[in-house]
Amino acid sequence: MTTLITKTITKICIPLVSLFSISLLLAGHNNPGGGFIGGVMFASVISLTYVVFGLKYTKSFFNPSWDKLFGAGLLIASLTAFGAIIYGNNFFRSSIKFVEIPLYGEIELASATLFDIGVYFVVIGTLLHIFKNVGEDK
Amino acid sequence: MDSFTAIVLAIFLPFAAAIFIPLLEKFLKHRIGWFAAGIAFLSFALIGIVAPEIIHGHIIQHSIEWMPSIGAEFSIYADGLAMMIGFIASGIGVIIMSYSNGYMSHKEDLPRYYQYLLLFMGSMIGMVFAGNTLQLFIFWELTSITSFMLIGYWRGKPASIYGATKSLLLTAGGGLFMLAGFILLHTITGSYDIATILQNPAIIENIKAHPFFLITLVLILIGAAAKSAQGPFYIWLPNAMEAPTPVSAFLHSATMVKAGIYLVARVHPIFSGTEAWFILVSGVGIFTMLLAGFLAFRQTDIKAILAYSTISQLAYMMTMYGYTSYHEPGLGVAAATFHLLNHATFKACLFLIAGIVAHEAATRDIRKLGGLRKDMPITFIIASIAALAMAGIPPLNGFLSKEMFYETSVEMGHIIGGPFTFLIPAAAVLGGIFTFAYSIKLIDGIFLGEKHHDHLPEHIHEPPYTMLVPAAFLAGLVILFGLVPSIPVHNIIEPTTAGIVLEEVHLHVQLWHGFTPALFMTIITFICGLAIYTRYDSIAAWQDRFNARYPRISVNYYYDRIVDGAKGSAKGFANFTQTGSIKLYINAILFLMVILFAIPAFMMATQVFPANLNFDIPPYEALIMALMVIAAIAAATLHRYLPAVIALSAVGYMVSLVFIYLKAPDLALTQVLVETLATIIFLLVIARVPQTFKEKIPKTTLIRDIGISFTVAATVLILLLNATQGIAPPFESLSHYFLENSVKLAGGHNIVNVILVDFRGYDTLGEISVLCLAALGVYNLIKSRGEGE
């Protein structure tokens, strides 16, 4: 599977798909997308590099600890849920705020987006953690 | 700072600090213990800020909404009782964490040790200030879990693991009974709030008259007894002594084991004054007091002696809380509370001494120790003060609370009358005699007599000051409370007792109170105690012989049988259900599916093939369907892995196309991505295996598999045909609610996403937690398989 064609296409795909996954994550509140889909998309491009370039080679220059990523994701998501309590609301009460930004226009700040980011990290972290370990296994 | 904030900070400061310990350890190295001690001191000070208010009889209560739908709130209920245990937990915490700086070797995993200690302390403080039974349960179980980790701190030692497992099974298991009791209490009163119940006499009357009264009481008491090592549950405490000695001093004498006593005190106004309360609480207490006091004789490890003495001292308190009767509400409460405080001081001190002796003499076996008074004069004096306080010698604090115990025993005997007039005081005295004997044994066995030169190092010296000062401080408290009892009585015991009996209390505690029955009982205790002490070794030998002859008369024997039996039957069950054959699992799943779908479909459908089917399908959809069928057949029949996998993913992609036509873009996206990912995983795997199927499938298997596929397909077909024809009565679609409210309430236009992150965000949080656990599970499976080989 390590033909020149797949290698070249994968190299092009990596930045494109990564950016697209982030845009999916952020757009998810109003359009198709969201943390889960964005996360799976990001995980698929990284796992594609694992397949195409080989795990050992990929790890020589790109080897983040995915377990820490999903830990962080779970933390973000839980903190978002608990954050409402600090402001005197119920557990998990979400809130929205619209902020005007010069030149860009109005953007929406929702606590749900923060939660979605947590989901995003958890999905990426768990999937790639599993793949890496299964891939390493002899 | 208002009182509520102070208490919340006192609870959560240790938790927050525990997070930063590994980070700080990089700078502070082995001095990290002082940081932990500082945090404990801060918690102590924060409780100290609110103490004056509580001592003046004000109860601090405040709550924040937590789970309003089931009536649970995060609430704080700070009265004298909570304050006292809060002070003990944080104050002894300071002492223990300072002492640990000298006790723990710098090579140990110190961050883990102090993290657990802080987490434990936070849980304990959180538990006593909890104003809500569910919250109390959560912190209660947290103390069980942290103590499990502390007992098993030395992970390599099988005895640690055994002791940790035992304590977790018994104390956390007991907690579950307690939870059931709380839920029953909620069924009776309609409230989880402790304050609501306590401050409403009508509700308490209602509970006492309710048919569930007895079962609720029993369930809650099981939790309390398990935590405080009472009754048959006492077996976990001796094994818990595998923990580092400071931990034993902290958890197993001063704080965690007091949780059960705390619970009994907390529910005292609700249940006390009834016959059931007296029989259960005092009965268990007296039984445990005598049994544990007697069994202490046999122990040779000084920590084990202390463990049994702790069990018996806790039983004193249990007994006294149980004394409260209908005629005399609050009888024994002050005595029990005072003893609780005194026990925390002298027993923690004794444990610290045990740690010092083990540290310097390199053994805890009392048969090998002796004659240490010359080498360690200061330790000897401190130990004597603490042990004599436990024995009840005036003018130390143990004497005062023991006198109160005798006094209330006499009163209780009079109230019941009959033979109990003498039996109850006699039981109390017998407990005192045992206590006296083993207390003397501790001093005599370790410090007096001749030094065993063949067992002990030649030069034994005093420990470093970090270890000596905390013990000396506790011994100082023992003397102070004994000589000037008015200080603890007015500031701690009176508000605490007022919190338990729910009325103002004034006590007069003094060393000399005339020639009372209690004084004569004390004199009898000392004389008989000395008499028994002369026969100490022969009693121990008799116990050993008895145990060797009847090994089955022991709670431990049954505990081991049950636990080992559970392992065996779990293995049998796993072997039966988890054969490891994927074929079998899939067949089982499909079989269940066919049954669950086909039978209801046949029962509800009027006819198997509905007459008026709608074949008006757009041509592109028909084309996709046809392609899907072809791809599916290809996936099943192709003989090389790669094309088969690609055919399979083709089916998946076409399903997502169908989703797009049905206007479900989110679903389609997910399907595409998951399909891609699945294909990549397949590619990852098949890159390593031979590219063609080698095995020949026998004809019988083939026929069977085709049969299974056909049955499943037919079931699904019939179900779908009938589902569109109104197999179930039509109901209004749920989506209207979400369409109307998603922008209004959550500010999102994509309702699928809004449902996931907002309306059902709690579900999603649960799901991602499961995902994380699954990842950890896969990791462990792979790693542990490698180790096994």
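Modeller: Start with B:Thr345, which lies in helix α15 (residues 333–361) of chain B. Helices here are DSSP runs of H or I with at least four residues, strands are runs of E with at least two, and both are numbered from the N terminus. The model is predicted, so local features need pLDDT of at least 70 and side-chain atom pairs count only at pLDDT 80 or more, while totals for chains, interfaces and linings use all residues; side-chain values use heavy atoms, without hydrogens and water. Residues are numbered from 1 along each chain as its sequence is written, while chains are lettered from A and ligands numbered from 1 in the order in which they are written.

B:Thr345 counts as buried because its relative accessibility is 4%. Buried means under 20% relative accessible area, exposed means over 50%, and partly exposed is in between (1.4 Å probe, protein chains only). The side chain of B:Thr345 reaches the backbone oxygen of B:Asn342 at 2.6 Å. What else does B:Thr345 touch, not counting residues up to four places away in sequence? The list is B:Asn397, B:Leu474, B:Leu477, B:Val478 and B:Phe481. Contact means heavy atoms within 4.5 Å.

Now widen the view. UniProt, in an unreviewed entry, lists "domain: NADH:quinone oxidoreductase/Mrp antiporter transmembrane" for residues 130–416 of chain B. Positions follow the numbering used here, feature names are shortened, and annotations may be inferred rather than shown by experiment. Over residues 130–416, chain B is 75% helix and 0% strand. The end C-alpha atoms of that span are 35 Å apart.

B:Phe297 sits in the loop between α13 (275–295) and α14 (302–323) of chain B. At 2% relative accessibility, B:Phe297 is buried too. Leaving aside neighbours within four places in sequence, B:Phe297 is in contact with residues including B:Phe434, B:Ile532, B:Tyr536 and B:Gln543.

Next, the partner chain. Chain A has five helices and two strands, in the order α-α-α-α-β-β-α along the sequence. Of its 138 residues, 44% count as buried.

Where do the chains meet? The contact takes 43 residues from chain B and 47 residues from chain A. The size of an interface is often given as the accessible area lost when the parts come together. Between chain B and chain A, the buried area is about 3800 Å², and carbon and sulfur atoms give 73% of that. Buried area is the accessible area (1.4 Å probe) that two parts lose on being put together, summed over both. B:Leu673, B:Leu677 and B:Val757 supply 14% of the area that chain B buries against chain A, more than any other three residues.

How many salt bridges cross this interface? The rule finds zero between chain B and chain A. A salt bridge is a side-chain nitrogen of Lys or Arg within 4 Å of a carboxyl oxygen of Asp or Glu. Eight residue pairs are in polar contact between chain B and chain A (both at pLDDT 80 or more). A polar contact is a pair of N or O atoms within 3.5 Å; within protein, one must be able to donate a hydrogen and the other to accept it, and residues adjacent in sequence count only if both atoms are side-chain atoms.

On the side of chain B that touches chain A, α31(B) gives the most, with 15 residues.
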